[in-house]
Amino acid sequence: MPEAVFVPRPILVGMPGAGKSSVARQLGQRLRLPVVDTDAVIEARIGVSIRSFFQSEGEAAFRDLEEQVIAELTGGEPKVLATGGGAVLRRANRARLHAGGTVIYLRIFPEQLYRRLNKDTKRPLLQVADPLARLQALYAERDALYRECAHFVLDAHGVSLGMLVNKVVMQLDLMQLSRPGARAP
């Protein structure tokens, strides 16, 4: 009987600005898989920036659309999937993400994110009087949700992009080796 081939389906989750899109691009090159970013798919579909959509339609309408896109993207051909920071807010999304691939939570703490994002004007949830307090609140709300759907957690602070991609690949390799009947290459 031929051995089943393990095809990684990495799905990146984490706080806004954790590096999901950047890691996804390099990971896709490394694994020779297409890269899909849920936020880019949503923007292409609605024809405006997410920030503009948030302002005109509200967060609930955005989350409805995000849920539809996640449902579409978690099936089909193998790919590297980068999600928006709030993708885990809905239980249905967490379940689909967890079942649809190997979910990697790129963890970064609010104070580290603030230093990274304090001049960013493209993230709608950070356009507030006190962005650090907002990041702390988001982290408090979302950390457990990221963990709930993740297969593993990687610290995304203090390492280069290349090193972070190496860590993801190493975890995917370990997952492959831990599968029943798997053998080292």
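Helix H6 (residues 110-117) and helix H7 (residues 131-149) have axes that come within 9 Å of each other and cross at roughly 135 degrees. The axes are lines fitted to C-alpha atoms, for helices over the stretch in contact, and the angles run from 0 to 180 degrees between N-to-C directions. Helices (H or I, at least four residues) and strands (E, at least two) are DSSP runs, numbered from the N terminus. H6 and H7 are therefore oblique to each other, given that angles under 35 degrees count as roughly parallel, over 145 as roughly antiparallel, 65 to 115 as roughly perpendicular and the rest as oblique. The contact, meaning heavy atoms within 4.5 Å, is made by Pro110, Glu111, Leu113 and Tyr114 on the side of H6, and by Pro131, Leu132, Leu135, Gln136 and Tyr139 on the side of H7. Sorted by class, the contact of H6 with H7 has 7 nonpolar, 1 polar and 1 charged residues; here Ala, Val, Leu, Ile, Met, Phe, Trp, Tyr, Cys and Pro count as nonpolar, Asp, Glu, Lys and Arg as charged, and the others, Gly among them, as polar.

This is a predicted model, in which local features need pLDDT of at least 70 and side-chain atom pairs count only at pLDDT 80 or more, while totals for chains, interfaces and linings use all residues. Residues are numbered from 1 along each chain as its sequence is written, and side-chain values use heavy atoms, with hydrogens and water left out.

We can turn next to the sheet. An open sheet is formed by 5 strands in the order E2-E3-E1-E4-E5, and the pairing is parallel, where two strands pair if DSSP finds at least two bridges between them. Strand E2 (35-37) and strand E5 (152-155) are the edge strands, each of which pairs on one side only. On average, neighbouring strands of this sheet are turned by 25 degrees against each other, direction ignored. Strand E4 (residues 102-107) pairs with E5 in the parallel sense over 4 bridges, and Tyr105 stands opposite Val153 in E5.

Helix H2 (residues 38-46) touches E2 and strand E3 (80-82), and the direction of H2 makes about 65 degrees with that of E2.

Another helix packs with H4: the axes of helix H3 (residues 50-57) and H4 come within 7 Å and cross at roughly 125 degrees. That angle makes H3 oblique to H4. The contact is made by Ile50, Phe53, Phe54 and Glu57 of H3 and by Glu59, Ala61, Phe62 and Arg63 of H4.

Arg63 also meets Glu66 through their side chains in a salt bridge (2.9 Å, N to O), that is, a side-chain nitrogen of Lys or Arg within 4 Å of a carboxyl oxygen of Asp or Glu. Being 3 residues apart in helix H4 (residues 59-73), Arg63 and Glu66 are separated by about one helical turn. The structure holds 9 salt bridges.
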